[in-house]
Structures are given as structure tokens and as C-alpha cells.
Amino acid sequence: MREPAAVRLRGRRWPARGGRSPAREILRRLGRSRSALVGGALLLAIALAVILAPALSPYNPIKANQRSPLDPPSAAHLMGTDRFGRDILSRILWGGRLSMSVGVVAVGIAACSGVVLGLVSGYYGRRTDVVIMRLVDLLLAFPGILLALAIVATLGATLPNLMIAVGISAIPEYVRVARGTVLSLKEREFVLAARVVGCSDQTIIFRHILPNITAPLTVLATLGIAAAIITGSALSFLGLGIRPPTPEWGNMLAEGREFLRHAWWVAFFPGLAIMLAVLSINLLGDGLRDALDPRLRP
Amino acid sequence: MLRYIIQRLLQLIPILIGISVLTFLMLHLIPGDPVLIFAGDKPMTEERAAEIRHQLGLDRPLWVQYGDYAAHAVRGDLGRGLRSQRPVLDSILEVAPGTTQLTLAALALATILGMTLGILAALARGTWLDTAAMTFAILGVSMPVFYSSLLMILLFSFTLGWLPATGQGGVARLVMPATALGMISAAVLARLVRSGMLAVLRQEYVVTARAKGLAPRVVVLRHALKNALIPTITMLGLQLGALLGGAVVTETIFSRPGVGRLAVDAILSRDFPLVQGTVLFTAVAYVLVNLLVDISYAAIDPRVRYQ
Amino acid sequence: MGRVTRREVIAAAGAWIGAAGLAAGGVLRPAAAAPGGGTLVYGLGFDLDDTMDPQVTDFDSTIRVTLNVCEPLVWEPTPGHFVPALAESWDVSPDAKVYTFRLRKGVRFHDGTPFGAEAVKFTMDRVVAPETKAGQSHDQLGPYDHTEIVDDSTVKIVMKDGYAPLLTNLNGYLGIVSPAAVKKMGLADFARHPVGTGPFMVKEWVPKDHITLVRNPEYAWGSSLFKHQGPPYLDQVMFKIIPEGSVRAGTLKTGETQYIDDLDPLEYAGLRNDPRFVVIGRGQPGSGFVLLLNVTSKGPIGALAVRRAIAFAVDREGLNKSVFHGLNKVAWSPLMRPTFGYDPSTERIYSFDPAKARQILEEAGWKAGGDGIREKGGQKLVVDFPIIGRPRDKAMAESVQASLRDVGIDLKVTPLERGAFRALVRQNRYDVNFMWFSYGDPDVLRTIFHSANVEAFNRGRYQVPDVDKMLEEAAATTNLNRRAALYSRIQQRVLRDAVVVPLVDTITYNAKRAEVQGDMIDALASYVWLYDVQVKK
């Protein structure tokens, strides 16, 4: 017999719906969402392409062929060549690995630190809460990219620093979400019950409250990866991130800017790559949001 | 109302202090000796380094240095740019109007475009217009500002020759940067306005109003719009940060003088006093503007004041 | 509104005729009017330095502006050919130590003070005075000793050692400035508003954006080089700073600018074939784009074999194509072809031969490693190359990097800003540096290879007494045959020692709209003289 939906001491609370399990319900909604399907498919294609770069890439991305620079797209070079005769398609495939991993790692950093801070802040309240929220307000006082810029300027422009900088500038939202969830659940019966039973604070936070964050967190993280990819490539575009000849979508766009008038393909394709990657993630994120909790729709 | 304003102003103080502490710390978080930044290109012996360190007060305890920094900052003395030797505040104020102009233009554009699209989409719900508007919206959010800028330059400057690609001065030069910058906020706003209006259009009192026999146009304008306005203003306030950040890239691409470009150039040329100054200035300005937005928000919606 | 009376019509007509008459009379009056008038907008490819003081600045781009404001003693329209400017005539002693100038009379600075021997002495003296913090002018003035005032319009510039290049150097960083203005304004203000005797005066400077010059109506001492002698035809010149090449060319096409310098190679073909525009190309004398290899480095590049390998490995043709779109010329000598003393036989010492480069490295014990980079005794073949982070420098560095990677050398390029770059150089923490020194005289080789200049432009840190002697002798004589012979031997020697790897000779390309006439470029192909310019309708 299927367990009727009820308050569980561990994990999710979902209202019963004619016997279907909650996970299936989510997937069903997701499958019906056009944007999630399109986004997911596109994202999968892009991710596979960049992961399989070594196999798919027709040329060596940093091998120059200086005597024939700036070739327009042709059969030999589907996306043309850049100023040193390097194949742009190969550079986009290899560059995507960096651009997208910056997004993922940065969000990883932001989510982990942000959620922990938010959970702690909301659960313990009082002074801890005040201090942490003040710090968050401080982070929010700097417009996003400026904070990342300032961090990179201070620590130096390397790949790890780039990930840290983009990550730190994204922390506030995760703190807020985590804290909000804790606050709304703190006084619920299942939490009080857990405390009566003798669970430690840690157990309560991580085993009882945290799972309830998964839904909004997933949505936030998905959309956050898109934003992080943009911020990371913006920094590289400005010259403060990954530097040539190592390909990355942002610095390829910067190189292309110089030749915009006469060799539009050098800037067009990297920018298109960023846009498609971000678009697919945004579509997927929208779909996820609708599926996980339709009430969250803006 | 006054109590609310005073309350917010008091809350402002620790944040301002926090901002100044962070920007102050920037100099000391750099890997390596801060003295090297100020040394310029002269060969340096240890004694000379110690001398410069003493001259600049870098050998004093951190909190003393901070006090000095803050005291000067409050008076408007943010030091001198390393390359130009001009007071940092002067350099910033020289270019600040450019950034303000760009940001305001982008904001205006975002508001007009966003609201129009959102309203149209809500009214034409389910039709091709709705889909088109929302497609534009999601594309707008997904296209980074540096890409849309370049595409616009390619189309409107190089191919069609309609608009100048760089510089400041005149409406023609403002159109593309403001559009590129405002497009993202417009997209976000459009989606928000659309759902805000849809939510309101369903609400009972609107149904009641229609039942009373008022003309449909009146219904929409008076009730739905007003209630959709509140989340709009909130969103605009939040978008301000995105706009300021986007201004950094936009100013660089369109070669417009502005605080963002000043910051980037300062970072690229390791002009640390200038970097600190621009970061501090921008953060403070941002916080103050947000405060203004919040206050006007409170003026419109009394419920906010009592939170 | 009633009907118009006849009287009113006649009155109106009279007013119009009167106005027309006044206008016509204005046009016919000789003194004030000059043909053309108007503003010339000049698109500058490089931003200025942080100062417009000609003796303090380091940038050619600054001099492009200030040469219209602070005139020199002589003009040099073609290499080696000098024409009177503020000096009417001059003599040079055979040992090139004493230069006597007879100055033009009746010349005034923009602030009204008179020009004379005092001003020349002041200008030269301030170059060597420590508080001026002189830039390029210091090197250009050479072994300056003092200036003697013979009388108000005769002056003797005395050198400590024979210095043949002085005349060519007078035309730029040594433009004459007003002593009264410098004293009154102080260095900081003067840097923003220099005062000279030129046909144009500084009106305003908005940093990073533009500089505006206005006509000097009192100007009446135009050189015989030019077509007229009175005030310039143009009312104003506005120098707009537009660093992006395609954007700059775009402004020329829309008419936003009428003259641009530093033409982007990609724009060349389009403009050249368009009758609305004129492209002006001019080879420069001096030393072109070269790599200077630090012979004192403790890294692999300290060995002659590695340096020779680099000389064979660099694809100069490829660099010319990818960075300059084929518009410069491949260089094999540290002297550019238009320079007096250029030795064509240097073209046979090296060639583009990656196979030979690899062979040299193999024989020197550098074996290929796993990642394509060679190693020897556990050390990887890494070469440190700091550069100033300008777009062109970055592109050239990347091109060289690609060439060297092909033969197994890892060239580490580090873009830096000026201060950090100079610090690294002073501390001798580099293996390679770029050099480019357009200069009117082959004495540029002394600037680059004499041991006395190790802390300055001798970035190769080359210290060879034989070469020093040859350089000194060549600078201290005015005998052309002797000079040519010496410079030939010097070029061959520095190439065989592989302290320098020449890349390309630079050809300056400027472009203008066809309506612009009367512009001239100097012998250095660097400065544009705008005095005679008119913009025809």
C-alpha cells in the first residue's frame, strides 16, 4: 500500500495527489513544459559538444596558421578563422569547457557558502542573524559585476580567482533563500518534534530543513549558472579573466571586436555560443520553476 | 513617513562603514607588498622601500590606517591617481555625468519598452503577440550586453551606417548603448508586468467592476495598471544594480567616458587609488540611490513602512 | 495683419541689400579672412600621455598635437633635408659638438612674450633639469652640455661629445616653449596647456576624449617650406582620441573626422580604392619592430644557440600578414630601409626556417618534451616576455608565441601596464622585450646597443666594447662614407650575436578625405603638419 502523504520527519512534505509520488509529479510537469524540453535538449547538446571537444574539434585550437588569417566561414572552416588563422569552431568547443565550468564552479561556491550561511543565520537567529545579514547587505551594496571586478583586481586574474570572484558576487541570493526557508519552517511541528526527540541542531538543519530548500535552490542555481557564465565571460572580455591564446568565449569575443567590420564571424560565433548556452539554461530554469512549484511563477 | 526615512538612514551608516572597510582592505589583500604599487618604475632598495612605506603610512597598524583613510574619504579626499596625479574624486566626478546619462536613458528605455511589452502581452494573452513578446523577453535576458552591443554596432553603424559607433554627446550616440543596456531590464520587466497584470486581471474586484458596467479600457487602466506598478518599481530598483554593472561593459565598448570605464582602465593599469576610489564611489552612490527608491516605494505603498 | 505697404517692401529690401553688402564687404576685407576656415577633426589612433608638455612627454601621439603649438628650430620634410623654422640658418662644427643657430626675428609666443635666444636656452636647459622629469626629449637632446646666448637672435648649443643626430631631433620633443608661461603656470598647469609660437593654440583638453586647438591670429612667420606665411587657414583643429581602428576609419567615412592616422590595415583596401579618400603611406627611418633578447638572462635565452634558433623560427611574413594585414615589410636588419646607413646584405644572414631552428635546438641538447615544449636537464625551454598591454603589442607577441611554439619554445607573454612593466625591466627580470624606435638617424643603434644604455633602451643588455667604439665614432663625425661603413659592420655584428631579431619595417598609413589639402608628413612619417591645411568644399 502506498504511503499516504503526511508530514514526514525527514524530507519533503507534499500533498497527496491520487497516489502518485511527488517526484513523478514533478517530472510530469517538467515534461509538459515546452521551455524545459527545448532548454534541456539544447543544453544537453551544448554540454556534450564541449565535453567531447577533444573528439569533435576539427583542428588544434591554438595552432596558428598565420599566412591565412581571417578566413570567412567555408567548408574547411565552418565558422571561419581568427586573426592568427586558428579555427574558430575548434576554439569555441574547447573554450566552452572553460566558460561553462566557470559558471558551474562559481555557482557551486556561491550555493554552498550561501546556503550554509543562510541556514545558520535563520536557525540561530539574533546576533548571528544580524551579523550575517549585515554582511549580505554589504555584498549587495556593490553592483554585481563591480564586486567581481574588484575581487579579480585585488587577487589577480587567474582561472580560480575568476571562479571565486563570480561566486562571491552571487552569494546573497542563496543566503536569502536558505534563511527564508528556515524562518518559515523553524516553528513547525516537525522541527519542534525533532528537538524534543533530542536531535542535534546540526541534524535538524541538515536533515530536516535543508531538503525543503532543494526546490527553490535548484531553480536558483540553474538560473545562477547562466548569470555566472555571463559574468565570467564579461570579465574575460574586459581582459581580466582568461587570456589568449587559451580560448574562452569572452576573450574570443574581445578579439573579434577588433575585426567586427571586416570579419564579423570572429565575434559573432563566440557571442552566439554564450547566448545559446545561457538561453538553454534559462529555459530549463523556467521550466524547473514551473514544475517544482507553480506558485513560484513570477 | 519621516520615522521610516530616519530609520533607513540610520541603517545606512553601518553599511557605508562596511563599504569603506572593504574598499580599504582591497589594497592590503593584494598578494605581494603594497609598496610596489606606489613605487612606480624606479629601482628599489630595501631602505627606499622602507622609506616609501613610512611616507605612505603603510607601516602603521591596520586600524590606524583605516581611520586615516576613512577620515580623508569623508572629506572627499580619495588620494591621487597614480598615472595622472590628479585627485581621484576629480577624475570620477568628471566622468560621472556620462554614466548617469547612460543609466537614466537605459532605465527610461527599459521602463517604456518593458511596460509596453508586458501590458500588450497580458492583454493579448495566448496570441502570437504574447508569444512573440515573451520570446523577445527570454532572448533579451539571455543575450549578454557585450554581445548585443557588438551586434548593434555591426548592424547600425557598419552595415547601415545610421548611427555613430563611439563617443559621447548627442542623442545619436546614446541610442545604441542605452538600448543595449536597457534591453535586459526591459525583458525582465516585461515578464514581470505581464504576470502582474494577469494576476490582477483575474482578481475579483475587476470582475465586479466589469459587472458594474464600466468600459473595459477604464477597468484596465485604473485597476490593473496601478497594482502592477508596485512590483515594477521594486524591480526597477533591483535592476539598477544590473544597469550599473552593465554600464561598465557598455561604456568600454562604445568608448564613452564614464565611471565604469574609468574603473576598468584603472584596474588594467593597476592604478590602485583610482580603483579603490571608483569602487567606493559606485557602491556609495548605489546604496544611496537604492535608499531613494525604497523611500519612494514606501511613499506609494504605506504597508512597507511598518515592516 | 494688413496688406504690406510699398514702403515696407522697399525698407525690407534695403535692409537685405545692406546686410548682403556688409557680408560681401566682410569677405573682401583682406586681413581677417583666410580661404577655407572651419574645423579639421583629426582622429588620433593613440591616446596622449598624461602630459602635453613636449619636453616631458614620452609619446609620439602627444607630439602630433603639440608640434602645431610649440614650433621647432628646424623642419625635416625628408630624411637628411632640413628647412628653417624658428631658426633662419645654422652651422654645425665638423666634430658635431657646436651648433650655431641664427634665429628668426619678430616672433612672439601665444602669451605675447617675444621669442629669442633666451627661450631656446630655457627649452634646452629644462630638458636636463631634474625637476622637469623630462621624457623622450632627454634622450633626443643627447650629450647636451649648455647653450650659449651670443646675442638675442644667435644661440650656440654645445654638446659634451660629438652628436650628429641633433638636427633631426629638434623637430618634435624639443619644440620651443615660452619661459614666461612655464614659470607663471607651473609644471602641472603647463602640462595641460602648453604655450609656444605655433600657428595653433591650445583651447581645451578633455583627457581620453579630445584636444581642441584654435588658430593663432598673430602668426606671421610661416617657414619657406609652406605655401603661406600668415595665420593658418583652419579656425580650429580638434584631435579626437579614437583608439579602435575600425571605429576610427568609420568616422572618416561618415565625415565625423577628416583625417585619421594609424590606419587600421584592414581598412586600407577599402579606402584606397575609394576616390572620396586618400591613403598616405610613408616608410619610416629608424629601427622597426624588433625583439631584443636579453643576453644576460639566466634562463635558456642566455645561450647563443637558443637566440639563433629564435631568429630562424619567427615567421615574419606570417606576423606581417596576421597583425598588419601585409601592409608593413618584413625586416632583417635593426635599421629600417629608408634610414641612412641601411645595409642590404643583412637580408641574407637569417631566413624563415623552422626546421633549422629545431636542428639548432636539438644540437644544443634541447629535446622535445611531452607537451611539445623542449627540455634539457630537467629544465623547460621557457622564455619570459613581458609586454605593455596594448592591442598591437599583444597581437605581435601572440604571433611570435605561435611561431616559437612550433619549434618547441614556450614563450610566456605577460601583458602589464606601464609602471609594472618598467619595474620588471629595471630589475632585469625578463628575457625578451619589444622595441620600436622611429628615428631620423642611424644613431638609433647606439640608443639600442651601446652598453651605456643598458638601463634605458638597450633591453638586450648588450655590452660589447668593440661595438661601443664603433657606435661612438659613427656619432661623432659628419663624414657620410665613414658613418655608412661603421653602421654596416654594426648591423652585421648585432645580428650574428642574435641580440636582436628584427620583425617588420613600419610603414605609416594615414588617411584623409579628398577635400583635405595642404597636409604634410615629416621625415619620420610620424607627425602631420597642419599649418597649410585647407578643407575644400
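Predicted model: local features only at pLDDT ≥ 70, side-chain atom pairs only at ≥ 80, totals over all residues.
**Three chains and how they meet**

Hi everyone, let me begin at the contact between chain C and chain B, where there are 2 salt bridges.

How many residues of each chain take part? On the chain C side there are 14, and they are in contact with 17 residues of chain B. Together, chain C and chain B bury about 1,400 Å², with carbon and sulfur atoms giving 49% of that area.

Now let's turn to chain A and chain B. Here the contact takes 38 residues from chain A and 41 residues from chain B. The area buried between these two chains is about 3,700 Å², and 80% of it is on carbon and sulfur atoms. Three residues of chain A deserve a mention: A:T154, A:L260 and A:M275 supply 15% of what chain A buries against chain B, more than any other three residues.

And the polar side of that interface? For chain A and chain B, the rule finds 1 salt bridge. B:R191 forms a salt bridge with A:D286, with 2.3 Å between the closest N and O atoms. The count of residue pairs in polar contact between chain A and chain B is 6, both partners being at pLDDT 80 or more. Several helices of chain A each supply at least two residues to the side that touches chain B, among them α5 (126-140), α6 (144-155) and α10 (214-237). Which helix has the largest share of that side? That would be α12(A), with 12 residues.

Next, the inside. The largest nonpolar core has 150 residues, and those with the most contacts inside it are A:L149, A:Y174, A:W249, B:I19 and B:F146. Take A:L149: setting aside neighbours within four places in sequence, its contacts are A:L235, A:L238 and A:L240 in chain A, plus B:V248, B:V264 and B:I267 in chain B. A second, separate core has 139 residues, including C:V107, C:V155, C:Y259 and C:A474.

One more residue in chain B, please: B:A190, in helix α8 (residues 171-202). Is B:A190 buried or exposed? B:A190 is buried, because its relative accessible area is 0%. Beyond its neighbours within four places in sequence, B:A190 is in contact with B:G114, B:L117, B:G118 and B:M134. By way of contrast, B:L93 is 97 residues from B:A190 in sequence and 34 Å from it in space, C-alpha to C-alpha.

Last stop, chain C and its record. In an unreviewed entry, UniProt lists residues 82-444 of chain C as "domain: Solute-binding protein family". In the model, that span is 30% helix and 26% strand, and its end C-alpha atoms lie 19 Å apart.

Methods
Residues numbered from 1 in each chain as written. Chains lettered and ligands numbered in written order. Heavy atoms only, no water. Core = buried A, V, L, I, M, F, W, Y, C linked by side-chain atoms within 4.5 Å. Buried < 20%, exposed > 50% of the residue type's maximum accessible area, 1.4 Å probe, protein only. Contact = heavy atoms within 4.5 Å. UniProt positions renumbered as here; feature names shortened; annotations may be inferred. Helix = DSSP H or I, 4+ residues; strand = E, 2+ residues; numbered from the N terminus. Buried area = accessible area lost by both parts, 1.4 Å probe. Salt bridge = Lys/Arg side-chain N within 4 Å of Asp/Glu carboxyl O. Polar contact = N/O pair within 3.5 Å; in protein donor to acceptor, adjacent residues only side chain to side chain.
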